[in-house]
Amino acid sequence: MELDSIYRTLGVSLPVYKFGEEVLASLRRRFEEVDRTAEYNQGKVLAAMQKNRVNATHFSATTGYGYDDEGRDNLERVYASVFHTEAALVRPQITCGTHALTVALSANLLPGDELLSPVGAPYDTLEEVIGIRESKCSLKEYGVSYAQADLLSDGGFDYNAIRGKINKRTKLITIQRSKGYSSRPSFSVAQIGELISFCKSVKPDVKVMVDNCYGEFVETLEPSDLGADMVVGSLIKNPGGGLAPIGGYICGTRECVERCAFRLSAPGLGQEVGANLGLMPAFYQGLFLAPTVVAGALKGAIFAANIYEKLGFACIPNATETRHDIIQAVTLGSREAMIAFCKGIQAAAPVDSYVTPEPWAMPGYDSDIIMAAGAFVQGSSIELSADGPIRPPYAVYFQGGLTWYHAKLGILMSLQKLTEAGLIRL
Ligand SMILES: *Cc1c(COP(=O)(O)O)cnc(C)c1O
């Protein structure tokens with residue numbers, strides 16, 4: 001059986017398919033490493049589910065207040081076991097990653113406190129949460145100030161600047177693991193651990209929160225293994241395994257998580273309320289699949305970097321670097337190339353494959369944005385997706401893929417569209 005025939009059916013020409021196979025042949029070692037990490041993390045998730053005696057009663061739906069929701073409570077114990085924390089808050093009522101981070105910040109910062117980011121500017125959506133960009137209900141409006149230590153020009157931590165910024169009001173330190181949509185490197189868990197140790201050596205009672213978005217299960221350790229008081233993320237990214245249709249999580253110390261629960265629902269109610277609305281099967285099974293799904297997405301990112309670097313495009317991370325998140329930036333250098341790339345990703349999708357992505361103005365952005373996504377869960381970025389602002393250096397951010405084979409097809413289709421547009425020659 002020849003694989004190229006099914007790729008031809010899908011719209012990938014023989015030269016594109018062969019180019020992909022050549023690149024792939026050099027990636028066996030890398031893929032084996034990714035698989036070993038996934039195997040370890042699968043074991044970690046399984047051990048957590050076994051320890052907490054997951055059974056069919058945990059999959060029942062609850063409605064209304066959701067009192068005595070054993071499925072929800074046990075899922076939180078499972079998450080706490082996976083992340084090696086005392087407690088966890090894992091809820092469909094947490095609507096997205098930004099919401100989870102907002103709950104964690106506003107629950108653990110009081111008027112007069114200061115928040116410090118020792119890793120430069122936070123993710124875009126947090127600017128309004130913190131009040132870096134004015135917004136109603138920002139932390140700033142509630143009297144919480146913000147300080148920032150930028151990274152050194154080589155991407156390293158500026159320990160002197162960080163020491164200088166920690167003061168008697170510094171209550172919480174926020175560290176973003178993934179680069180998100182910036183051009184700095186993403187941090188390894190070991191690097192984050194060093195930074196946490198440093199901050200706590202300067203101020204032992206300071207709390208540290210890690211924005212863990214896109215980083216879960218990429219390594220065998222999580223920031224909570226190395227001293228983070230809270231790790232926070234979205235269930236429509238890595239830990240939802242593609243099955244969770246909504247939700248966010250906060251894993252951490254009992255003290256921090258309890259405050260988060262009081263903030264999310266109401267003081268006094270905390271974790272006791274919050275019906276699961278029938279989402280428990282998706283949350284449990286998604287977590288179970290997450291290590292494998294993340295491995296597929298990582299293979300896709302590594303494949304993309306190796307393909308596009310070979311064609312002369314700059315990639316962050318580059319073709320050979322170790323990975324700390326699932327995001328791949330490819331600098332395509334022109335508007336036309338960005339459009340062609342995204343058309344390819346879209347054409348490879350299981351959902352909405354027939355639509356054509358177009359650059360469009362989006363609220364909050366000063367240039368047109370192009371997005372490709374054909375996802376089962378709307379906006380899910382653990383599913384194969386690509387996007388980027390149409391402005392120099394014309395970089396697309398590529399991430400996800402519920403299976404490695406789908407990620408592979410997406411990348412081959414992007415290459416196909418670039419070839420057809422006459423923008424590259426193989
Ligand atoms: C996605 C992301 C967020 C925000 O998550 P949303 O679910 O889009 O609100 C925050 N930080 C980082 C690093 C992210 O990647």
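On a 1 Å grid over the protein atoms alone, a pocket is an open set of points where a 1.4 Å probe fits, with protein on both sides within 12 Å along at least five of seven lines, and its lining residues have an atom within 4 Å of a point. Grid points are joined across faces, edges and corners, and a volume is the space filled by probe spheres set on the points. The model is predicted: local features need pLDDT of at least 70 and side-chain atom pairs pLDDT 80 or more, while totals for chains, interfaces and linings use all residues. Residues are numbered from 1 along each chain as its sequence is written, and side-chain values use heavy atoms, without hydrogens and water.

The largest pocket holds about 1100 Å³ of space. Its lining consists of 47 residues, and Tyr 123, Tyr 181, Tyr 365, Met 371 and Asp 387 are the closest to the pocket centre. This lining comprises 21 nonpolar, 19 polar and seven charged residues (nonpolar: Ala, Val, Leu, Ile, Met, Phe, Trp, Tyr, Cys and Pro; charged: Asp, Glu, Lys and Arg; polar: the others, Gly among them). At least two lining residues each come from helix H5 (97–108) and strands S9 (328–331), S10 (369–373), S11 (385–389) and S12 (395–399). Helices (H or I, at least four residues) and strands (E, at least two) are DSSP runs, numbered from the N terminus.

The second largest pocket has a volume of about 350 Å³. Among its 17 lining residues, Asp 73, Glu 76, Ala 88, Arg 254 and Gln 271 lie nearest the centre. Two or more residues are given by each of helix H4 (70–82), S1 and H9, and H4 provides the largest share, five residues.

Overall, the protein contains 12 helices and 12 strands. Seven strands form an open sheet with mixed pairing, in the order S1-S7-S6-S5-S4-S2-S3 (two strands pair if DSSP finds at least two bridges between them). Strands S1 (87–91) and S3 (145–148) stand at the edges with a single partner strand each, so one side of each has no neighbour in the sheet. The twist from one strand to the next averages 20° (axes are lines fitted to C-alpha atoms, for helices over the stretch in contact, with angles from 0 to 180 degrees between N-to-C directions). Strands S2 (residues 114–117) and S4 (residues 170–176) pair in the parallel sense over three bridges; Leu 116 has Ile 173 in S4 as its bridge partner.
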